[in-house]
Protein chains: 2
Amino acid sequence: MSNKLIGAAVFGQSGGPTSVINASAYGVIRTALDTPEITHVYGAAHGIVGVLDDELYDLGKEDAHELKLLMNTPSSELGSCRYKIKEEKELQRIHEIFEQYNIRYFFYNGGNDSMDTCSKVNDYLQRIGYECRVIGVPKTIDNDLVGTDHCPGFGSAAKYIATTISEVYKDAHVYNTGAITIVEIMGRHAGWLTGSAALAGINGLGPDYIYMPEVPFEMDSFLSNVKKTFAEKNNCLVAVSEGICYPDGTFVAKAQISETDGFGHAQLGGLAAKLAHAAGQKTGAKVRGIELSLLQRCAAHLASQTDIEEAFLAGQAAVQCALSGQSGKMICFTREIENGSYKCGITYEPLSICANMEKNVPREWINESGTNVTQEFIDYVLPLIQGENKRKVVNGLPRFAQLKKIKATR
Amino acid sequence: MSNKLIGAAVFGQSGGPTSVINASAYGVIRTALDTPEITHVYGAAHGIVGVLDDELYDLGKEDAHELKLLMNTPSSELGSCRYKIKEEKELQRIHEIFEQYNIRYFFYNGGNDSMDTCSKVNDYLQRIGYECRVIGVPKTIDNDLVGTDHCPGFGSAAKYIATTISEVYKDAHVYNTGAITIVEIMGRHAGWLTGSAALAGINGLGPDYIYMPEVPFEMDSFLSNVKKTFAEKNNCLVAVSEGICYPDGTFVAKAQISETDGFGHAQLGGLAAKLAHAAGQKTGAKVRGIELSLLQRCAAHLASQTDIEEAFLAGQAAVQCALSGQSGKMICFTREIENGSYKCGITYEPLSICANMEKNVPREWINESGTNVTQEFIDYVLPLIQGENKRKVVNGLPRFAQLKKIKATR
């Protein structure tokens, strides 16, 4: 079998956006545009939904300079979706569109749900004998994908969190009257992001306690810890995952938040405010709850240059992997140590092992009391937040890519 | 009368911190240390409280390199306070301390309440005939000080807000399912910060609506605006001041938030969540409330270089103003246009006209419907957010000043 497959490529973005997902997009798009056997490069509007709806952009018609600005443009520039393929007729429809545009390369950028989509498309096309190479590009701030050392998007979110915690520490320690500050960080099931708050501790600006979903949360223990630290230091700074659960498995955030309380449903958060309030009741201290919300996943201005470059490499590698004849794989990162320094290597794993699974923080990287991370955790994250990005600023404001998004014609 | 007054100087920080208040500190401290007639430079721990408690640091004993890092260190490095002088015996105590350390220069960095403190100290010392020159250095992210074109701290907060709104816009527009996003911004009485969200609109990434405290808030009108825009665009982004009030003068944030609802008191916010919830009920859309909270006043990593330099100049000018024989003045900025470009000039005004007053956004800089700002507003703010700062980053993390804070001896 010759490795040479001539046809068009389609690229889609799926799931929650990150600061660097468009750097992966640029890796795929630029490499594909520069590949002679790839005849056209299409972008799917809102991921697989754009394929189903025949909404494809002809990315060959974009200005090269604007495309390059994707390297520092946050969020999913082509639009994203949360769409799970349920029926065979959807796969038939995808195949129909692929036939119509002669699409022979499918690159899909997302987290574990998106890898499931990717895997289903690959399996179906193989089964019906339609030659098409399907490669997944990892993406998630949550860093919970199996098969890869770490995920593009995580390093930038971790850098944002560590920097912001450092700054909030300074702010929260300003008054002689003391303060208790609770910072709520994303991560429904994995504590990678919340644990990254500990990096601020390298300069003595870290949280006193870190609560992650990997360890069951006990309100009494939390309150007595905060009370003790406040009594000692006249201050207490806590980082907490949105996904912490009581020992019975219910989300702490959800437990007391009803639709009728005027604050909306659990998605709106409220965990930081809730814990701050409880800490205030216990201690009488001035309290504040802060939710980092979307900012931690879209703050491209603070993206890690390491993360941006690795995200680009993942996209580039996806095209190279497909060109080499592979299909049904996800691009993965390995961690190499070269002359004592961190270096990111690239490999790939079957989509089936990456899809639908979650990688949590190992229990041994969390301290015994479950209230902070260990040095191993810090050593793991630190290389990923290195490097200040080279974003374009015009008039003091970020200059993001402005694509024309011209509809593709068959 | 000779202008030459030989003695020590004390510097204090007061009120809410900003990203650049320490740049003003460095302006005062560096200039004072370099002035022969100033024999010692002391820092008051927690502003005037440190004077009353005889807690002064000898800033001459600090490492020059660490002091310079104050230029990019957020929050009030010497500690701050919210302390209002109420009795003459407090002024007597201040005089006693000043006598003990031979303090002849008092520099106080803060907002309108702090200028009131400054003014009282000046009046008292003049009345009893103790020769001391008292100069206020302006500071507030709220930009509401009277007598100055703008305030150090505002430009950096405005840059943070405009950048963050640009990024949130990208994130909020990613799904085909649409979204309504409400961003809550600081400003109890003045809408300068919230209005700055409009700067993101220069690149087409601005909010659809901006609600500021200067215009009474009508819930019905807000909901019908959001509903209309969501129907047209499948999206709606709103920036709102924490301080918006209903026509009867009650805070919208406070109106339905009681101590007993489990979310804490009004200081914890909840306005964004409340408005998002109401918008969701009205439209059925997916909604999200985001509160920028402390981040907007401590995000030194995104501080405006223009603001940093002006903050330094304000501190430097305070010392120069005192050396020239002035007292009872606050340093003020003027706006010069030089060859068509913005340039910041420095002047001073009597403390009495700056203290305790607030400058709101002029009604003519807000559009007729009270839901956005005019071009005049944007032209006013834009020069203040220019320039990327030159902060020190070590290991991917901010490297802030680390002062020794050695207690002063008489």
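**Entry 1. The largest pocket**

I took a pocket to be an open set of grid points where a 1.4 Å probe fits, with protein on both sides within 12 Å along at least five of seven lines. The model I examined is a predicted one. I looked up the largest pocket and found a volume of about 1,100 Å³. I then asked which residues lie nearest its centre. They are A:Tyr175, B:Gly16, B:Arg82, B:Asp142 and B:Arg297, out of 47 lining residues.

I next noted the elements that give two or more residues to this lining: α6 (154-172), β6 (179-185) and β9 (287-291) from chain A, and α5 (112-128), β6 (179-185) and α11 (295-298) from chain B. The largest share, four residues, belongs to α5(B). Sorted by class, the lining of the largest pocket holds 15 nonpolar, 17 polar and 15 charged residues.

**Entry 2. The second largest pocket**

I recorded a volume of about 950 Å³ for the second largest pocket. Its lining has 40 residues, and A:Gly16, A:Arg82, A:Asp142, A:Arg188 and A:Arg297 are the closest to the centre. In chain A, α5 (112-128), β6 and α11 (295-298) each supply at least two lining residues. I found that α5(A) gives the most, with four residues. The classes here are 10 nonpolar, 16 polar and 14 charged.

**Entry 3. The two chains**

I asked how chain B can be laid on chain A. A turn of 180 degrees with a shift of 0.0 Å along the axis does this, at an RMSD of 0.0 Å. The two copies are therefore related as by a two-fold rotation axis. I also noted that the same surface serves both copies, since 100% of the contact residues of chain B recur in chain A.

**Entry 4. The sheet of chain A**

I traced an open sheet of seven strands in chain A, in the order β3-β2-β1-β4-β5-β10-β11, with mixed pairing. Its edge strands are β3 (56-58) and β11 (341-350), each of which pairs on one side only. From one strand to the next, the twist averages 30 degrees.

A:Val10 stands opposite A:Tyr42 of β2(A).

**Entry 5. Helices on the sheet**

I asked which strands helix α1 (residues 21-33) of chain A touches. It packs on the sheet against β1, β2, β4 (103-110) and β5 (133-138) of chain A, and its direction makes about 175 degrees with that of β1(A). I returned to α5(A), which gives four residues to the lining of the second largest pocket. This helix lies across β4, β5 and β10 (329-338) of chain A, and α5(A) runs at about 170 degrees to β5(A).

Note on methods. Residues are numbered from 1 along each chain as its sequence is written. Chains are lettered from A and ligands numbered from 1 in the order in which they are written. This is a predicted model: local features need pLDDT of at least 70, side-chain atom pairs count only at pLDDT 80 or more; totals for chains, interfaces and linings use all residues. Side-chain values use heavy atoms; hydrogens and water are left out. On a 1 Å grid over the protein atoms alone, a cavity is a set of points where a 1.4 Å probe fits but cannot get out, and a pocket is an open set with protein on both sides within 12 Å along at least five of seven lines; lining residues have an atom within 4 Å of a point. Grid points are joined across faces, edges and corners, and a volume is the space filled by probe spheres set on the points. Ala, Val, Leu, Ile, Met, Phe, Trp, Tyr, Cys and Pro count as nonpolar, Asp, Glu, Lys and Arg as charged, and the others, Gly among them, as polar. Copies are superposed by least squares on the C-alpha atoms of residues with pLDDT of at least 70 in both. Contact means heavy atoms within 4.5 Å. Two strands pair if DSSP finds at least two bridges between them. Axes are lines fitted to C-alpha atoms, for helices over the stretch in contact, and angles run from 0 to 180 degrees between N-to-C directions.
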